[in-house]
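The sequence and model come first.

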Amino acid sequence: MSDQLSDLYRDIIMEHYRFPRGHHHVDHPDISNQGKNPVCGDEIEIKLKMTGEKVENISVNCVGCAISVASGSMLAEIIEGKTLPEIKEIAEIVKKLLKGEDIDENLDLGDLEALRGVKKFPLRVKCALLSWTTLVDAINAGKFGKSIQTTSTE
Amino acid sequence: MKSGRMTTEPGEAIGLPATGKAIDPVRIRKDFPLLKRRINGQKLVYLDNAATTQKPETVLDALDAYYSQTNANVHRGLHTLAEEATSAYEATRDKVASFIGGVKREEIIFTRNATESINIVASSWGTENIKSGDRIVITQMEHHANLIPWIMLAKKNGADLQYIPIDANGYLDLSHINDIINPRTKLVALTHMSNVLGTINPVEEIISLAHKVGAIALVDGAQSVPHMPVNARAMNADFLAFSAHKMLGPTGIGILYGKEELLRGMTPVTFGGEMISLVTFNDVTWAELPWKFEAGTPNIADAVAFSPALDYLSQIGMDAVRQHEKELTGYALDRLSEIDSLKIYGPRNIEHRGGAVSFTDSDIHPHDLAQFLDSRGIALRAGHHCAQPLARLLGVSSTARASFYIYNTSDEIDMLHDALKEARRYFKYE
C-alpha cells in the first residue's frame with residue numbers, strides 16, 4: 001500500500017510539484033490554450049513562443065494536484081527547443097506510458113519516467129494528461145496566437 | 001471522547017438498540033458486512049456517507065430473498081408471485097409515508113433517485129406553472145441536482161432565477177429574503193442540509209415565506225432525511241426529494257413526496273405501461289396516484305429491499321441518529337481544528353449542522369490528500385461535491401469531505417486526524 005503510494009508520489013514528481021518549471025508568463029505567445037479538468041477543478045494555461053520551427057519560450061501555469069502540476073512542469077522542461085511534430089510525438093509516448101502500453105525500451109524518458117507509477121491509479125491518469133492534452137489540442141487546432149476553445153479532459 | 005463514550009455496555013444483547021437509546025456504533029457495525037473489509041491492507045474507515053451509505057445485512061438478505069423467492073412483475077398478473085411482489089413493493093411505500101411523518105401513500109412516488117424526483121417536479125409542475133417573468137428562488141448552496149433543473153426551466157420558460165446568498169459562516173443570509181422571495185415568485189427550492197457545508201437550513205421559515213407570496217416550496221432532503229427526523233407535513237413542504245441509498249437502502253430508488261392536490265394536477269413526464277387507466281387509439285386517462293408517475297416496470301427489488309433499511313433506522317430512532325451524528329461532528333470539528341493547516345467550512349455550531357465536514361489543507365491538494373488517506377484505509381470524498389458554484393464562492397476548486405453515519409466511531413475520527421497529520425509529513429510539509 002504505501003509502497004504503491006510512493007510509486008505515485010515519486011521524489012521527482014514531488015520535486016516538480018514543489019518547484020514547477022515554466023511558472024512565469026510568456027508575452028505575445030504564438031500558441032496558447034487553457035485546459036480544465038472539470039471534475040477535479042484543476043486548471044492549466046500553457047503559452048508557447050516559437051523561433052522558426054522551435055519552441056523558444058514556454059509558460060505552464062497550473063492550479064491542481066501534485067500529479068497534474070508535476071506533469072505540466074515536466075512538459076515545460078522537455079519541450080523547450082523542440083518542434084511541434086516532436087512535441088506531439090513526446091505527448092504520444094506520455095499517453096502510452098500512462099496507459100501502461102508498450103514503448104521503445106531504448107527511449108531516454110528522463111523525468112517522465114517518474115510518471116510510470118500513475119498507471120496503477122486509473123483515476124489519476126487524467127491528472128497527468130491534462131497538460132499534454134491541452135498543448136496537443138492547441139497545436140492541432142493550429143490557431144496560433146489566440147486561445148482555442150478550452151480543452152477539457154472529461 | 002477518545003474512548004469510553006460510545007463503547008458497548010456489558011450485558012446488552014447483540015442487535016439493534018431500543019428506540020430512544022444512544023447509538024452504539026460498535027455494535028451496529030456488526031450488521032454491515034462491507035465494514036469488515038480491509039483497504040490497502042488497513043482496516044476500512046468509511047467516511048463517505050454523504051455520497052452513499054453501506055448496507056446492513058437485512059437489506060442484502062431482502063434483495064436476495066426477493067429474487068430467489070418472490071420475483072414477479074407488479075400490478076399485473078393474478079398469480080401468487082405477482083401478488084406477493086406487489087404487496088412487498090407497496091409495503092415499502094407505506095413505510096416511507098410513515099417515515100416522513102405520516103403522509104398519504106398516494107403522495108409517495110418511487111423514482112430512481114433524488115435527482116430524478118426533483119427533475120419530475122421541474123419538468124411537470126415547473127413547465128406547466130412557471131411563466132415568463134415568474135421568479136424561481138433557490139440558494140447558493142444547492143447540489144447540481146437542485147440547481148440545473150431550475151437553470152434549465154428558467155431558460156426554457158423565460159423565468160428569473162434568484163439565489164438566496166450564503167454568509168461567511170456557511171449560513172443562508174436571510175437579510176434580504178423578503179426582496180428575494182417576492183410576489184412574482186412561483187417556486188422556492190432549497191436543500192434541507194448542505195452536502196458541502198453541512199448547514200441545516202431553516203426550511204420551515206422559508207417554506208412559510210414562500211407560501212405567503214403564493215409560491216410552492218420544494219425541499220431537497222437527500223442529506224437530511226437519512227440523518228435526522230424529517231416530518232414533511234410539519235415542515236409543510238409541497239415537495240420533498242430524497243434517495244434510498246444514502247439511508248442504508250439500495251441504489252436505484254429515490255422518493256418524491258408531493259402534496260396530493262399538486263400531484264393530482266400534474267401531467268406525468270414518462271409515459272407507457274402501468275401509469276394509465278384507459279387507453280384508446282386517440283387518448284389516455286392517467287392511472288390514480290401514485291402510479292401515474294411510475295411508468296414501466298419499476299425497480300421492484302430495490303424498493304422491496306429499502307423496507308428493512310427503513311426498519312433499521314426506525315428501530316434506532318432518528319432522534320438517536322441525529323444525536324450520534326451531532327456528537328461525532330462536534331468531535332470531528334474539535335479534532336480537525338487541532339491541525340493548523342486545515343481550513344474547515346460551514347457552521348461551527350453542531351445544532352445548526354449535520355455530519356458532512358468539508359475541509360482543505362493549506363498545502364496539500366484535496367485529491368492528493370484523499371489519495372494518501374486511501375492508502376491508510378480511509379475513504380472520503382475529494383472534489384466539488386456536485387456544487388461547483390458553491391466551491392467557486394468558497395474560493396476553492398475542490399475540498400475534502402468527511403461524512404458520518406450511524407456506524408462511525410470517535411476512534412475513526414482519531415484515525416482521520418492522525419492520517420491527516422501523517423499526510424503532512426509524507427508530503428514533507430512538516
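In helix α4(A) of this predicted model, the buried residues are Leu84(A), Ile87(A), Ile90(A), Val94(A) and Leu98(A). Seen down the axis of α4(A), these buried residues fall within an arc of 115°, so they line one face of the helix. That face packs against α3 (66-79) and α5 (125-141) of chain A. Pro85(A), Glu89(A) and Lys99(A), on the other side of α4(A), are exposed.

Helix α4 covers residues 84-99 of chain A, and at 1.5 Å a residue its 16 residues should span 22 Å; the end C-alpha atoms are 23 Å apart, which agrees. After α4(A) comes Gly100(A), with a positive phi near 75°. Another glycine, Gly52(A), also has a positive phi, near 60°.

| Residue | Phi | Location |
|---|---|---|
| Gly100(A) | positive, near 75° | follows α4(A) |
| Gly52(A) | positive, near 60° | hairpin of β2(A) and β3(A) |

That hairpin has two residues between its strands. Strands β2 (residues 42-51) and β3 (residues 54-63) of chain A pair in the antiparallel sense over nine bridges.

Chain A as a whole has five helices and four strands, in the order α-α-β-β-β-α-α-α-β from the N terminus. Its radius of gyration is 15 Å, close to the 15 Å that the globule rule gives for 154 residues, so chain A is as compact as a globular protein of that length. Along the principal axes, its C-alpha atoms fill a box of roughly 45 × 35 × 25 Å. Of the 154 residues, 40% count as buried. Among contacts between residues at least 6 apart in sequence, 64% join residues at least 24 apart.

Conventions:
Residues numbered from 1 in each chain as written. Chains lettered and ligands numbered in written order. Predicted model: local features only at pLDDT ≥ 70, side-chain atom pairs only at ≥ 80, totals over all residues. Expected span 1.5 Å × (residues − 1). Buried ≥ 20, exposed ≤ 12 C-beta atoms within 10 Å, placed from the backbone. Arc of directions from axis to C-beta. Contact = placed C-beta atoms within 7 Å. Pairing = 2+ DSSP bridges. Rg over C-alpha atoms; globule rule 2.2 N^0.38 Å.
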